[in-house]
Amino acid sequence: MAAIPLPALHASHAGCWLAEPNSDTGGRETRGCSKGEAINAAADTPMLMINAPLVATRLGYPDLSGLDLLELFAFVHPARFCVPTARGLAHALDLAEPEDDAAIPAFLQAAAGALIAHCESDAWAEREGAWSTLQSLMRLRWPWAQVLSPHVRKPEKPEKWLFSRLPEWEDAPERPQPAQVLIEENEAEGHLARLTGEGAERREGQRAYTRSASGVFAPRESRGRPHLLLAQAGTGIGKTLGYLAPAALWAQKAHGTVWVSTYTKNLQRQLRRESARAWPERRADGTPPVVVRKGRENYLCLLNLEDALQGGFAGRPAILAQLVARWAAYSRDGDMIGGDLPGWLGTLFRKRGIAALTDQRGECIYAGCPHYRKCFIERAARASAQADLVIANHALVMINAARGRHHGPAPTRIVFDEGHHVFDAADSTFAAALTGQEAIELRRWIVGPERNARGRRRGLAARLADVASYDEAGGEAVEDAVEAAGVLPSEGWLGRLAEGMPQGPVEELLGQVRALTYARDESGGQEAGYGIETEIAQLPGPLIEAAQSAQQALAAIRKPLLTLGVRLSAILEDPPDWLDGQGRARIEGARHSLAWRVDLVAAWEALLGRLGGPTDPDFVDWFAVDRNDSREFDIGVHRRWLDPMQPFAKVVLEPAHGVMLTSATLTDRGEAGEDWEGAIAASGAPHIALQPKTGSHASPFDYAARAEVLIVTDIKRGDLPALAGAYARLIEAAGGGTLGLFTAIRRLRAVYGRIADRLARAGLPLYAQHVDPIDTGTLTDIFRDDRSASLLGTDALRDGVDVPGESLRCVVMESVPWPRPTILHRARRAANGGGAYDDRLIRARIAQAFGRLIRTREDAGHFVVLSAAFPSRLLTAFPPGTPITRVTLDEALARVAAGPPGVQDATETGTLNGHLSPP
Ligand code: SF4
């Protein structure tokens, strides 16, 4: 089909363009127009556009709607990757890229034509289910439905609906324990050579790394004393295959499972790719040897989807549910967050529709669910119990270890890649917080829907109705728990607290917590609109009394939950006739989630029990009022371990047989070189009196020739116009390809607001976290896809962006990334050497940020710090040999404009020197 004859609109920071059918000439023409004209045109007729929420932001008109090409793409090609820009769409559809902004409206018409023509073709791979979904979308008045309808032919036979099309998982017996085998260093090295392939260059660092990793898989000599290896692996040594080689050998010989735990989704994707060298996609029996496993809140819950499709969602969210149903039929594993569901799909629909389709609240009814045998979560859990390699994340590994076995044995051979993040993951996993939001979640889980609640949420009574009718004591326990949970906070609690009218003992306590936090906080957050906090010390009597009442109320909830757990166990031990395999699985599931809630409530009680008593030196406790732009969204009592590696050592290390922590930044590099003592202390090993093995493998990259650090000395601290000007000029000098890192969202937004238009007019698109309505993963995809684009962001970008090649050739850091002076930080700083602790943290952050720049041997670029007050003692954060110069902004601009170090021939990189010369 030729270009579709519908008007099209594009808006960027550089301007707005409209393409309208021209009745005089019979053709189409594109013209620039004002924002007002664009808004009026879009209000009159449905316009073709790409990424409507982003166009709406550019126009400053939030209510904009139209025919979004991304929605059409999601319908035609569900579960297929596409960068959500005109350029990305061109790549996905194999069309010519539009040359500039002005060419985009005509491109959108052509792309829509191509997508619609594809629906008519016999080659349409995702035809099955499309016609039926389109009928539902017509009823929902999806703008594309009318346009598409004539082009999607009715199938000859009625189509099966999603829930009957999905395959069922197979049950398999539990794997026997792994065999005790030894992986010799030479064997591991030989396997590495096979995996890297004939003719691959011999990488000495990688070979040495593999040899040392093989020791992790040796049989354990004494109980509670795993083999522990801390391996510093400089960027580019090839650590992934380096540890996969001995892991694959061990899994093959021992018939056991190795878990590789990561912090970022990027690394999970990379591992999935690289593991294909060591394992086939399927074993001979059809099962997958490699499984990606995530927390259950990542997966689509089919019961929630069914509910959404049958009236649980209305309006735009109902359209989203239909598109998600299209995706579910083609998805590899049902992973909605970072899997094959496009990250942009949820943001097109603005509300939290995606989250509502996952099992966020642990309301799964297991075998009581009609989709249990097709459930993506159950399938992933079963597959991982049989897998050779499970790719997971730190939080999941720790939660699995802490909450005990539910599906298969707990991991015993674990590689923590991105090991520098284990501390943070342990910090959140082993934290306790009694907040209003958490308490409401518990109430909903026990009580179920109240008043105007929509959806399928069910309380304990509905989930365990058959148990209650069979077992009198169990039934009474459910009733008691529901009654006791009635005193927990409920909808509207924040409003009641603000008015001084709390309901029930927990709201009463939170009201006092709030008042005391406002009375004592001196962080400066009150005026700035940020969250506020105060330590738990010298508490007034009424607050301590309120804590005691709340504690009693929580104990009254926990007791019937405990009784119920006992009754469920009794039913499983002496099962009634009606209890079939599925019923049993459901009760086991219920018992598991019950045990988790009982632990949660017990932790809250313990937390409250200490208020007013002596402080426990192992913990840091504080009250907090969480706020965003002065708007309160949660209030609570918080507790963290002073050293979260203490529970980590007990819960994860001690039961394991072999553990490896690896990262490019595992050790701090101070003036005295690599600090192994600090790295060992940070691994948790001393808590179980373990002496780990250590190894250090330097990066093969030539930092001296390929990178340059420029510390700019003439931007005054706090001078926002100067900071913004410096960012704009550096991005212009680099011709885009710049990652801008900020320590404060407010400054990021201010700089973005000042420079985005100017850069766009020069053909240098600028995107920003916390500004653009796009998730971080998708922002990175856009940045990677367009070498003239630049991206501004905060912590998540500093640690997780993996953009090899020319798209990233300059990193600009606005200032030294000092830690936020929170109460928790104050306590850890005092316990760990004061200023030296801060320096270690900052060096680790700088090393991570610098690590974004050079990802491969061919990469080159500048790392610019816009802060004259950059202390020399922090410079050891950069890899040895990296040239570091203090320069004025003008000098920095001249160097950046000259092109990346080592590649200063413009023809080699395609980089045109000087600003305003985008490629
Ligand atoms: S088994 Fe649980 S998570 Fe799976 S579809 Fe059913 S309710 Fe959802």
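Me: Leaving aside neighbours within four places in sequence, which residues is R597 in contact with?
Reply: R597 is in contact with R361, G362, L442, W445 and L561, where contact means heavy atoms within 4.5 Å. Please note that this is a predicted model, in which local features need pLDDT of at least 70, side-chain atom pairs count only at pLDDT 80 or more, and totals for chains, interfaces and linings use all residues. Residues are numbered from 1 along each chain as its sequence is written, and side-chain values use heavy atoms, with hydrogens and water left out.

Me: Where is R597 placed, and why does it count as buried?
Reply: R597 lies in helix α28, residues 581–609. Helices (H or I, at least four residues) and strands (E, at least two) are DSSP runs, numbered from the N terminus. R597 counts as buried because its relative accessibility is 7%; buried means under 20% relative accessible area, with a 1.4 Å probe and protein chains only.

Me: And how far is R597 from I446?
Reply: Their C-alpha atoms are separated by 9.8 Å, although R597 and I446 are 151 residues apart along the chain.

Me: Changing topic: what is the strand order in the open sheet of seven strands?
Reply: The order is β8-β9-β7-β10-β15-β6-β18, with parallel pairing. The edge strands, β8 (290–292) and β18 (693–697), each pair on one side only. Two strands pair if DSSP finds at least two bridges between them.

Me: How many bridges join β7 to β10?
Reply: Four bridges join β7 to β10 (residues 413–416), and the two strands run parallel. Within β10, F416 is the bridge partner of S261.

Me: What about T262, is it buried or exposed?
Reply: T262, in strand β7 (residues 258–262), is buried, with a relative accessible area of 0%. Beyond its neighbours within four places in sequence, its contacts include L267, Q268, A392, H394 and D417.

Me: Now helix α36: which of its residues are buried, and what do they pack against?
Reply: In α36 (residues 823–831) the buried residues are I823, L824, H825 and R828. They pack against α19 (422–429), β12 (532–535), β13 (619–628), β14 (631–641) and α37 (835–851). G833, which follows α36, has a positive phi near 95°.

Me: Last one: how many helices and strands does the protein have?
Reply: The protein has 39 helices and 25 strands. Of its 919 residues, 54% count as buried.

Notes: Buried means under 20% relative accessible area, exposed over 50%, partly exposed in between (1.4 Å probe, protein chains only).
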